[in-house]
Amino acid sequence: ADEYDFRRIQERWLPVWDELKPFATSDPDDKRPRKYVLDMFPYPSGDLHMGHAEAYALGDIIARYWRLQGFTVLHPIGWDSFGLPAEGAAIKRGIDPREWTYDNIAQQRASMRRYATSFDWDRVIHTSDPEYYKWNQWLFLKLYEKGLAYRKASWVNWCPFDQTVLANEQVVDGRCERCDNLVTKKKLTQWYFKITDYADRLLDDLNQLEGRWPSKVIAMQRNWIGRSVGADVDFVIEGHAEKVTVFTTRPDTLFGATFMVVAPDSELAAELVADSTPEVQEAFAAYLAEVQKSNEIERQDASREKTGVPLGRFAINPVNGERIPVWAADYVLADYGHGAVMAVPAHDQRDLDFARKFSLPVKVVVDVTAPITGAIPIITPEQALGAAPRDTLDPAVTGEALAGEGRMINSGPLDGLSKGNAIRRVIELLESAGTGRAAKTYRLRDWLISRQRYWGTPIPILHTEDGREIPVDESALPVALPPSQGLDLQPKGTSPLGAAEDWVNVTLPDGTAARRDPDTMDTFVDSSWYFLRFLSPNDDTKAFDVAEAEKWAPVDQYVGGVTHAILHLLYARFITKVLFDLGYVTFTEPFTALLNQGMVLMDGSAMSKSRGNLVRLSDQLDEFGVDAVRLTMAFAGPPEDDIDWADVSPSGSAKFLARAWRLAGDVTSEPGVAFGSGNTALRRQTHRLLADAPGLVESFKFNVLVARVMELVNAIRKTIDSEVGGGDPAVREAVETVALLLSLFAPYAAEDMWARLGHPATVALQALPKPDPRLLVEESVTAIVQVDGKVRDRLEVSPTIDGDELEALARASAAVVRAVGDREIVNVIVRAPRVVNIATRS
Ligand code: ANZ
């Protein structure tokens with residue numbers, strides 16, 4: 001019976017926990033302070049894997065810790081269960097996507113139960129349930145009312161293999177995130193969420209998260225939003241009614257603009273070329289056809305040979321009236337800025353490469369040799385050229401654009417100014433002339449949310465024949481997915497729902513015929529607000545309860561993979577801000593703190609079936625037990641770092657757990673015994689650990705905490721085996737502390753220890769004792785005892801010992817008694833706690 005048997009322990013406690021529901025959070029009278037600890041919910045593809053095991057172990061440590069600290073902790077779980085893989089599996093096997101999805105959910109759920117994650121099982125959500133996606137539709141309608149959901153025709157990323165559009169975020173290095181095929185462009189009318197309206201807030205609010213989110217994630221968000229600050233400059237185009245506006249980060253170089261370039265695939269290019277000669281039009285059409293074969297990545301590759309065609313048009317530079325030719329070239333992107341640039345070849349490398357290729361003029365307007373600090377030097381263009389000898393610095397000769405700072409030259413009213421002052425000055429000039437203004441532009445694009453797929457949330461919009469959009473009435477939600485039977489789910493570029501005749505055709509109350517929008521929503525819509533649904537998961541009258549949100553949200557600690565560093569987090573932040581603006585929540589950031597766990601690798605690389613290095617979680621659990629696997633995840637190193645499973649030792653973890661567990665059997669005192677009289681050395685070690693544990697958990701140094709628990713286990717074993725023995729109250733105190741702290745990492749072993757110590761379940765709901773400050777003071781100091789000037793003994797004493805006590809100890813010392821012999825003590829000088837001087841006379 002005294003053998004640690006993880007199987008027996010697991011079987012013993014699972015049903016008890018099912019019964020006790022220790023992690024339910026439904027008590028409305030619960031007055032404890034609250035924490036909301038959230039793990040990113042899984043996609044139900046197959047069973048749980050090692051990556052899940054790591055993430056859920058880490059999130060669980062945090063949730064369990066806050067419970068021991070007296071908080072009521074909301075730690076929910078659900079499934080992100082719409083999406084392509086279910087549809088793929090359904091096509092392959094000829095089954096309903098529901099079947100695959102809910103089978104996998106059942107399997108994952110069983111695995112999570114065994115894994116002893118402390119979830120509140122009464123709050124489970126599945127995004128593919130109509131009870132959930134009804135509220136995606138509600139959210140869509142709210143955005144639609146606010147003008148934040150709209151439809152437009154545009155060039156979209158198109159995966160020719162999956163036959164569906166992709167958000168920019170789903171295109172990785174020009175390839176489809178899912179199937180790795182090259183992404184092409186296609187012009188389609190699609191639904192968008194206007195996330196760009198929130199670009200500044202999404203960027204500026206990142207400052208609040210500094211220090212609580214990984215800095216890498218904050219940087220990735222900043223880059224993704226990609227705010228550039230500069231100016232818009234309006235150019236008159238000869239013979240064209242409308243002005244063309246360009247965005248530039250370097251309006252200071254406006255006098256150096258020698259040509260203009262527009263994106264060939266922009267509407268602007270088409271307009272400009274419309275009145276040109278047939279030759280120009282023909283050359284342009286041929287060029288455009290070429291351009292459309294290339295993808296965005298190729299187009300942004302600066303080293304690529306420049307191509308382009310003139311449009312036979314001239315633009316007038318608003319500051320100096322110069323006439324500059326207009327070209328179309330694919331290094332200018334249609335959907336950035338205004339799809340047109342003022343080209344300043346002397347100071348921009350891409351423009352220079354283009355100018356050299358097509359023999360366009362290069363005009364230097366910044367003297368990069370001039371000092372940029374100190375008094376403004378009075379320089380003339382001639383002097384400047386003298387300072388910058390033509391052959392060594394002239395970009396037209398060297399092919400190197402002068403991108404550095406300097407003093408303005410050849411720039412009329414800007415001459416002599418530094419970059420910053422020149423930018424300010426030229427913006428003033430443009431603004432007063434009405435030909436330009438300060439401007440910002442963003443890399444962030446609106447969020448394309450329509451997908452031509454079956455397994456997703458139907459978009460709650462009806463289209464009439466005369467082209468009107470009619471939002472479905474809120475009372476008619478959900479617009480439920482029709483059964484998949486009879487629908488061809490094969491990707492073909494249009495939604496399979498369009499063929500569900502009974503579903504798609506509707507008659508409006510006034511008798512007008514209409515068709516449902518056949519597209520479904522990007523699944524990132526589902527996960528953009530799910531953390532709120534957990535607060536009132538069964539409420540069929542609203543998406544989430546505002547009062548519950550007040551109580552619990554925002555999420556105190558979010559835990560998940562860095563793969564979601566951009567897409568998911570940005571969308572959740574955006575939707576939170578929208579809900580804030582609509583008055584549904586009182587906070588503007590959904591996740592107060594974020595922990596990104598590392599990956600679980602094998603032999604240095606990511607695990608995959610094809611590499612043949614897959615470690616199956618279920619095998620590990622069978623072999624070493626849940627606790628050993630969880631403990632190994634925590635002990636492997638800092639949670640942000642990758643774990644190489646080849647380098648860690650779940651069997652070592654299991655051995656340690658057995659060692660810890662056996663201690664409970666060696667405690668012979670009764671529960672409730674007063675610890676105060678216990679062995680001081682052991683008590684000190686226990687209380688030192690109790691003092692340090694909170695800081696270690698809160699700074700995610702789980703591995704250090706485990707190491708400290710191991711130390712304490714060793715000390716307890718030594719104490720039990722010494723003359724102090726297992727009956728000493730300090731041993732009970734220490735073993736109870738081990739059980740409490742181990743409950744964060746190894747819930748089964750800890751629960752079993754707790755029971756063996758004579759306590760009722762469950763250890764998870766105990767309070768972590770506060771350390772006794774008296775046991776934390778420096779343990780002892782060494783007092784030197786001298787007899788007639790000779791050191792005779794060293795005593796380990798409390799640093800707070802008083803003089804009388806120290807003197808008594810010194811007089812009692814055997815060494816001192818021997819040294820004094822039968823002489824008389826005539827004087828004792830005590831300087832507590834360090835020195836006792838004894839003088840004698842014979
Ligand atoms: C003139 C100029 C002079 C520029 C100079 C740069 C240096 P970021 O920082 O990425 O925002 N640009 C503007 N719209 C563009 C488009 N649709 N496609 C390609 N390039 C575009 O870059 C802003 C700069 O990129 C703008 O400033 C513009 O070139 C170019 F010495 O204007 B610049």
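Helices (H or I, at least four residues) and strands (E, at least two) are DSSP runs, numbered from the N terminus. The model is predicted, so local features need pLDDT of at least 70, side-chain atom pairs count only at pLDDT 80 or more, and totals for chains, interfaces and linings use all residues. Residues are numbered from 1 along each chain as its sequence is written, and side-chain values use heavy atoms, with hydrogens and water left out.

The ligand shell was examined by residue, element and class. The shell comprises 17 residues, of which S228, T248, L333, Y336 and H347 come nearest. Two strands, β11 (244–248) and β15 (340–343), each supply at least two shell residues. By class, the shell has 8 nonpolar, 6 polar and 3 charged residues. Here Ala, Val, Leu, Ile, Met, Phe, Trp, Tyr, Cys and Pro count as nonpolar, Asp, Glu, Lys and Arg as charged, and the others, Gly among them, as polar.

A polar side-chain atom of Y336 lies 2.4 Å from a ligand oxygen. A backbone N or O atom of L333 is 2.8 Å from a ligand nitrogen. A polar backbone atom of T249 is 3.0 Å from an oxygen of the ligand. On its own the ligand has 640 Å² of accessible area, and the protein covers 83% of this. Accessible areas come from the Shrake-Rupley method with a 1.4 Å probe; for residues, only the protein chains shown count as cover.

Helix packing was described by fitted axes. Axes are lines fitted to C-alpha atoms, for helices over the stretch in contact, and angles run from 0 to 180 degrees between N-to-C directions. Helices α24 (residues 650–665) and α28 (residues 747–756) pack at about 15°, with axes 8 Å apart. The pair is therefore roughly parallel. Helices α3 (residues 84–93) and α4 (residues 97–114) have axes that come within 8 Å and cross at roughly 120°. This makes α3 oblique to α4. Angles under 35 degrees count as roughly parallel, over 145 as roughly antiparallel, 65 to 115 as roughly perpendicular and the rest as oblique.

Backbone geometry was also inspected. Most residues other than glycine have a negative phi, and most peptide bonds are trans. L477 and P478 are joined by a cis peptide bond, with omega about 0°. P478 sits in the loop between β22 (469–471) and α17 (501–504).

Terms used:
A residue is near a molecule or strand if one of its heavy atoms lies within 4 Å of it. A polar contact is a pair of N or O atoms within 3.5 Å; within protein, one must be able to donate a hydrogen and the other to accept it, and residues adjacent in sequence count only if both atoms are side-chain atoms.
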